[in-house]
Amino acid sequence: MALLAIAMTNRVISEPEVTSSDQAVQDILAGMFFLFWAALGGYGLVSNDQLLASQGSMLSAGPALIPGLTLAGLCVGGVLLLLKGAWSIRAGYSPDRPNWHQHGYAVAMVISLLALVGSMQAAGFLISTFLFCSGWLLTLSRRIAREGLRVIGIAISCAALISCVIYLVFVELVKVPLP
Amino acid sequence: MIINEFLAALLSILSSPEALMMALFAVTLGVILGALPGISSTMAIAVLLPVTFGMETQLAILFLLGVFISSVYGGSISAILINIPGTPAAMVTQLDGYPMCKAGLGGQALKYALYASTVGGVIGIVLLIVISPWMAKAAGSMRSPEFAAIAALGLVMLAFASGKSPLRGVLVGLLGLMCGMIGFDTVTDVERFTYNSVTMQGGVDIVTMMLGIFGLSEVMKNLAGASNPIHGKPGMGNAKLPIWRVLARWKAAIRGSLVGALIGCVPAIGSSIAVSVAYAQEARLSKDKDSFGKGNPDGVVAPEAANSSSIGGSLIPMMTLGIPGDTVTAVLMGALLMHGLRPGPMLFTNNPEFFASVYAALLIGVVATLIVGLLLARWIVKIMGLPPRILLTGIAVLCVVGSFAIRNSISDVFIMVFFGVIGYILHLLRLPAAPLAFGLILGPILEENLRRSLLISRGSWSVFIERPLSLGILTVTLLVLLLPMLSALCRRWSNSMRRTA
Amino acid sequence: MKVRKVALLLSLIVFGMGGVVGAQAQSFPKKAISLVVVWPAGGSHDIAARMVAENIDKSLGEPVVITNVTGAAGSNGMRHVAQAEPDGYTIGLMGMHALVQSFMNPNAPSLDSFEPLVFMAQEPGSLQVRSDLGINNIEEYVQKLKDSPGSLIHGNDAMGGNTFVYTKLLEEYFDVELTKVPYPGHAANTGALVSGEIESAAMPVSTIAQHHEAGTVKTLGVMAEERSSLLPDVPTFKEQGHNLVSGDYYIFFMPKGVPDEVAQTLESAFLKAIQNPALQQRMEDMGMTSSPGGRDIARQVLAEQEAIIYPILLNGDLVHESLIK
């Protein structure tokens, strides 16, 4: 526990001094982020009867010791970050409208990946990968050139190439049983 | 005495064209497999095992060790080029390698890595030959308290090497620690953080997490540019690197190699800790601390030397004691068992020529990797010249396939996607992502050995201080911990203390 | 004329189809067979599976590919096979873990979801102590523990692992108490024994054979019917008057519901591969006692093992409440 306190103090003291308001918002959000996980983990610990039963006293070296310490650390750190961010903001703050659009493609990627995995089980690896690759290549090529058919042709053939190469390497060479 | 046999074995390999072809073939395969994200050195060797069944033992050893060595370098290729460590041993190479690549110095980074790997490999072999009996004895006397202390040292060093804000690095590391505790507890077999889900019972595999937070999140970051989602990817440079520039980094290379070999020979610690400590040490000792994480070549040279020299180191406990130190040596030992060889103390005394052939095979492997690496560098540069949209799509698919390939389980792919999102969020929140992986690896080692030490000492925490080696390691850890605080306190002496303990 | 032509055509078609169908039925396997190993590459299960897979190729005509599905103490792989199509293309290799996990972990598939295929070998456990303790035989070992219970620090797998079961067997048989320290895997366990962190262990013979020869540890007894070929001068427990026989068993299995002919083909192919003399020699070198047997023998062995192990788990409070028989 003492080591932990030293470490925390050390970190706090060596923090950079000035933060812009953007960074302050990031600090607040980061603090909340950690607190969220601390809460989730805490729930996981507390609802696990088997775990609590085998722990015995709080500090004995049972299976809940390190998780407990870790969660405590996350809570303390999360609160510290929150405070740091809030403190920097106290002197006036005018938030810009957050630009949600920039995350569009990233979110689309995640969703499409989940769809890819789901369809792999149904349609098999080659087909779903080919569709996935074609979809993305076409989407990403839209802005590059407007030569229509040629671009589409290149995109599709690249998609096919990627799917086949990966299939060959992983399934034939490494013998991974892709669906 | 052993030198004679070593030279004899070396000569026999060099004079046999079949053996040389086999070595080159093995090394080429190893580099490619190692570079593929999701295929670790362990998998590469396991997959190529059947190929060696028909071979005679010497050739099989040459083949497998060639794959081992080259796959470690191969992992660095993808770490540098696409920010995904192809093998866990490359998990710090991308911290400085990828920024170098983004700045157009990718080819040079590859060369740095290659030369550093060669130096590290050779030093590892030399240490292996010269001091393996002593190192074996030292490693053999290490027990749980020492392992726990080393893991603590690694964690602390990494927290402080995580760039500008140690607090954020440590907190992310704590998250990583928690991820490492998902699944069955190894000591008491109790479920932790499984939320009654079968998927969670299996725990989080490090490669899955790395593919997510380094690979997928990088793809997402590239996609989420402003209006034009695909920024032009900077050129790779021409990969020309004058030798003198490499030689100028000799200090980092030597330091990295020593760290790698020493830590590598401790069983159950593994190369990840070796490279992490090498990197962190280099960051602390460098005069140019701030440039670490932004593309400092020392940040590539040190861990690369370390992961290659740790190969030699990790073979020591396997060959002298018959105890495999990590998963890769476990597979190697399995392969040797299949060929009728049983590494261990008896083999050491009875069959010294076996050891000689291992040393020779290692040396050939290192040299072959250098040759193949140099040849491939040009081709790799060409591949990276492809339009970004192709690369991004390909990487996304690779992440999916790679995460499936580890345990042949679809749920690992979902876990990978989850960590991809987490990595993206971390980026948005200005939090470093690497400590997540470190926490995942080092956390369980620390916890397991900590609790086992307490179990054996029947609850007495003083066991860590009573044993001299563990005391020494912990003292170093404490120094690392306190040093910045002391210097920061001195700096802030004149300022008003707003944040007091 | 027309009718004859039509009749000829029809009969040709029928014969043709019959031929194709017949050929289909005869040509199992048509593609590679996946052999699921639930432990990571390099372990003894993995090696055994690879050796068998190497030998099977010729008789089946299609390759047998090793697939490592690891995690959750082997349950991930077991579940993988249980949920696979019962068409003969997915087979697994199980050991004692499957039995233990089926009682300890409600998420692990019960043994009723499997059909044992072939019994391959058994790998007996043994008891060893560090040589510097001055204990020379079982009697002294037991005596020391009876004088001061828990005085020997003993390493074994985490609860439910093989060496854990051997240890509990020993404790119950001799009515003694050891201080048990868990290790993740046999390699770490052996390392601890060699480094002196623990004083005794119950490892399979192959793992500690060379340390016994080197003199670091002393093996007090082997839990088998006959002496191990790796340690011919170590008596079995039976010889010393104690009926302690236990070991990890290697049984190939398939999901329930595989058609009989497919099962037959597999059974004979596997048996033939295992009975290959070179393989037998290699297994002996690795410390396994091989007595290959088909489905019936496999079923019998499994039932016997369950009878031995279930009571131990029950006594140790390890059986999950939902799984108590």
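**Ground rules.** I am working with a predicted model, where local features need pLDDT of at least 70, side-chain atom pairs count only at pLDDT 80 or more, and totals for chains, interfaces and linings use all residues. Residues are numbered from 1 along each chain as its sequence is written, while chains are lettered from A and ligands numbered from 1 in the order in which they are written.

**Entry: domains of chain C.** I looked up how chain C is divided. Domain 1 covers 30-123 + 248-323, and domain 2 covers 126-222; these bounds come from an automatic or database domain assignment. Their C-alpha centres are 27 Å apart. I then checked the contact, which needs C-beta atoms, placed from the backbone, within 7 Å. On that basis 13 residues of domain 1 of chain C touch 11 residues of domain 2 of chain C. On the domain 1 side, helix 4 (96-104) and helix 11 (295-315) of chain C each give at least two residues. Helix 4 of chain C has the largest share, with 4 residues. Helices here are DSSP runs of H or I, at least four residues, and strands are runs of E, at least two, numbered from the N terminus. By class, that side of domain 1 of chain C has 8 nonpolar, 3 polar and 2 charged residues. Ala, Val, Leu, Ile, Met, Phe, Trp, Tyr, Cys and Pro count as nonpolar, Asp, Glu, Lys and Arg as charged, and the others, Gly among them, as polar.

**Entry: a sheet in chain C.** I traced an open sheet of 5 strands in chain C, in the order 7-6-8-5-9, with mixed pairing. Pairing takes at least two DSSP bridges between two strands.

**Entry: two helices of chain B.** I compared helix 2 (17-35) and helix 16 (352-384) of chain B. Their axes come within 9 Å and cross at roughly 60 degrees. Axes are lines fitted to C-alpha atoms, for helices over the stretch in contact, and angles run from 0 to 180 degrees between N-to-C directions. The contact of these two helices of chain B has 8 nonpolar, 4 polar and no charged residues.

Conventions. Contact = placed C-beta atoms within 7 Å.
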